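Work through the exercises below with the structure open beside you, and try each task before you read its solution.

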Amino acid sequence: MAIGDEVLSNQRALFAIPPDVAYFNTASLSPQLHSVRDAGESALRRRGEPWRITSQDWFGDVERLRGLAGELFGADAEGVALIPATSYGFAVAARNLALRPGSRILVLAEEYPSGIYTWRRQARRLGASVLTVQRPPGGSWTEAVLAALDERVSLVSVPNVHWTDGSPLDIESIGNRTRDVGARLVVDASQSLGALPFDVGRVRPDFVVSVGYKWLLGPFGLGYLYVAEEHRGGEPLEENWILRAGSEDFAALVDYRDEYQPGARRFDVGQRTNFELTPMAIAALEQLLAWGIPSISATLAATTDTIRTRLAAIGLEVPPEARRAPHLLGVALPPAIRAGLVPALERANCFVALRGRSMRIAPHLHVTPSDIDRLVDALAAATRELG
C-alpha cells in the first residue's frame, strides 16, 4: 500500500551505506538496500541447489516482477517486457515502428547515447533523418520540442528528465502534440521511473524503456519495457523457447509452437528468469511501492531544494525552480574547476557525477543533513582550491 505524497522520514537504515560516505549519485548507480542484498544472497544459495528448482520456478518470480513493474508504469503486467538494457528496449521499438522515408526522428541534444545511436542507424536504414533539438538559453526542453514538432516528424524519442542535469519535460504535452501530427512516441524513463509518478494512460506512449539499477534500486542486467497494446503483436528481437505459448510444459517443448505468450512477453530477453537477479529486483520494486512513488518524489524534492539553497549561498550557479526535476539537480560549473571537482569531492568521501557541463547531484532517501553538510563544505573547499 502506498503511503501517499507525504515527506518520508529518513530511510538510511535501510541502505547499505557507511556513515562516513555521502552518496549523491543514484542517477548513475543506486545505493543498495539491505533487503535487495539479502534477496540476492538468498537467491545465490537457492541457485546452488538446482535440484530444488522446479519448472514452475522459471515463471513465478518473473511474473511477480512483471506485475510490480506494471504498477510503476501505471499499467498492468500485460504491457511489460523484461529486458537487459535500454539499448535492447530501443531496438525493440525501432523494429516495430515504421518511419516514412524522408521524415524526421526528433531527439534532444546531449541525450543519453543508447537511444541516439539506435535512431541514427534506423534513419540510415529507412531513409529518414535525425532532428536534434537544442534547448534555447533561458527556455525549456518542452518549448523547444513543441516548436520543432510538426508533420515532418514521424517519431519522437525523448526522456521526461534530461540525464545530464535533471531538466524536466512535460511529457504529456509532448505526447498530445506527437499524436496530433501523426508521429510515434518513445520515452526513456531511466532517470525518472521510481522517483517520479508515471502514467502511461495519460502520456499514451508507444514504448517506454527504463533500466533497473538507477532509481529502481535494483541490480544490473534487468530493465523494463512498456509496450502499448497496439504493438504487442509485433516482432521480437529474438526467438527463444520461453516466449512461446505453452512453454510452461517442459515435456512438450519439442512440439514447436508459432504462437507467443500473451501481452508484451514476446519481447522479453532470453534467459529472462535470472534466478540470481530477479529476486533482487522484486525486493527493490516492492520497497519502492511500499514507500509510494509520490512520497519518494516529495521527499527527494525537499532534499534537492535544501541542497539548491545551500549551494546558491556559496556562489554556485543552480537552476531556477521551474527548470529542475524534484529528484535530480544539475549545477553549472565554471570550466576552470570542472575537471578537478569530482576527484576533490571523492577525497572527502562525497560522491557526485559530472555529466556534460553539469555537476549532477542525485540523492535518494538515505541522504541525511550531515551528508548535505559534507557536500556543501567539500564543494566550498574545492571551488576555493581549484578556482
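The exercises that follow concern a predicted model.

**Exercise 1.** Determine which residues of helix H5 (residues 141–148) are buried, and how they are placed around its axis.

*Solution.* Begin with the list of buried residues in H5, which consists of Trp 141, Thr 142, Ala 144, Val 145 and Ala 148. These residues cover an arc of only 165° around the axis, and therefore they lie on the same side of H5. Finally, the cover over the buried residues of H5 includes strand S3 (104–108), strand S4 (129–133), strand S5 (153–159) and helix H6 (171–180).

**Exercise 2.** Work out how helix H1 (residues 34–47) and helix H8 (residues 278–291) are oriented to each other, and which residues make their contact.

*Solution.* The first step is to look at the axes of H1 and H8, which come within 8 Å and cross at roughly 155°. Because angles over 145 degrees count as roughly antiparallel, H1 and H8 are therefore roughly antiparallel to each other. The crossing in which H1 passes H8 is right-handed. On the H1 side the contact is made by Ser 35, Val 36, Ala 39, Gly 40 and Ala 43, and on the H8 side by Pro 279, Met 280, Ala 283 and Ala 284. Sorted by class, the contact of H1 with H8 has seven nonpolar residues, two polar ones and no charged ones.

How values were computed:
Residues numbered from 1 in each chain as written. Predicted model: local features only at pLDDT ≥ 70, side-chain atom pairs only at ≥ 80, totals over all residues. Heavy atoms only, no water. Buried < 20%, exposed > 50% of the residue type's maximum accessible area, 1.4 Å probe, protein only. Helix = DSSP H or I, 4+ residues; strand = E, 2+ residues; numbered from the N terminus. Arc of directions from axis to C-beta. Contact = heavy atoms within 4.5 Å. Axes fitted to C-alpha atoms, helices over the stretch in contact; angles between N-to-C directions. Parallel < 35°, antiparallel > 145°, perpendicular 65-115°, else oblique. Left-handed = near helix turned anticlockwise from the far one by under 90°. Nonpolar A, V, L, I, M, F, W, Y, C, P; charged D, E, K, R; others polar.
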